Amino acid sequence: MYYTYLLRCADGSLYTGITTDPARRFAQHAGRRTGGAKYTAAHRPVRLEAVWRAPDRASAARLECRIKALSRAQKERLIGGALPPPAPLVRIPIEPDGRRILMQFLCHPKCSTCKKARAFLEARDIPVQERDIREQNPTEQELRAWHARSGLPLRRLFNTSGQAYRAMGLSKKLADMSEDEQFALLASDGMLVRRPILVSEQAVLFGFRQKEWEETL
């Protein structure tokens, strides 16, 4: 797999290149390893601003050339997301040192919807930290934070098609429960929580709807 990247230097200038490993390449540019470029040797790099995954070296090189042809203002807009990339490639979430940002993926291994969500992520080479929602159920603190970020009604966090939900007769009980009681109940059993859950920098998604995940990611 090849990647095209935009690197910002200490003087604010931008450097574009291609690599098979963004983290390793950033370390080379920063002088922590040999093999950096002449430009970055003279202009100390401080962080990677953007990385795009390409299917092959030729595609990565073409994108590199097209980005180099952009003006400084256009490159800044590209970094900020206000300008679409000059090729239909996948932008990779990264830390400033080139490491990919891992999102949390909470699922039940036997759940068919979770399997579809996992296949969706794998097909797009999106790395996640997978967590078994049954073995490591979300804490009340996590649920409160994720609920606030999701923008969903609290009732939507319940797995209404699950056996635990039906066995407890919650369809008739939730209306009479306070928010505190509902959060405590959700935190008591991960199988009561709607799944899968994807926790990213941009949003928190409960349940898998492909269009919504595509728009978010």
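Helices (H or I, at least four residues) and strands (E, at least two) are DSSP runs, numbered from the N terminus. This is a predicted model: local features need pLDDT of at least 70, side-chain atom pairs need pLDDT 80 or more, and totals for chains, interfaces and linings use all residues. Residues are numbered from 1 along each chain as its sequence is written, and side-chain values use heavy atoms, without hydrogens and water.

Q: Where is Asn159 found?
A: Take the two helices around Asn159. They are α6 (140-150) and α7 (163-167). Asn159 is found in the loop between α6 and α7.

Q: Why does Asn159 count as buried?
A: Buried means under 20% relative accessible area, exposed over 50%, partly exposed in between (1.4 Å probe, protein chains only). Asn159 counts as buried because its relative accessibility is 9%.

Q: Which residues is Asn159 in contact with, leaving aside its neighbours within four places in sequence?
A: Contact means heavy atoms within 4.5 Å. With those neighbours set aside, the partners are Tyr165, Met191, Leu192, Val193, Arg194 and Arg195.

Q: What radius of gyration does the chain have?
A: The radius is taken over C-alpha atoms, and the globule rule is 2.2 Å times the number of residues to the power 0.38. For a compact globule of 217 residues the value would be near 17 Å. The chain has 22 Å.
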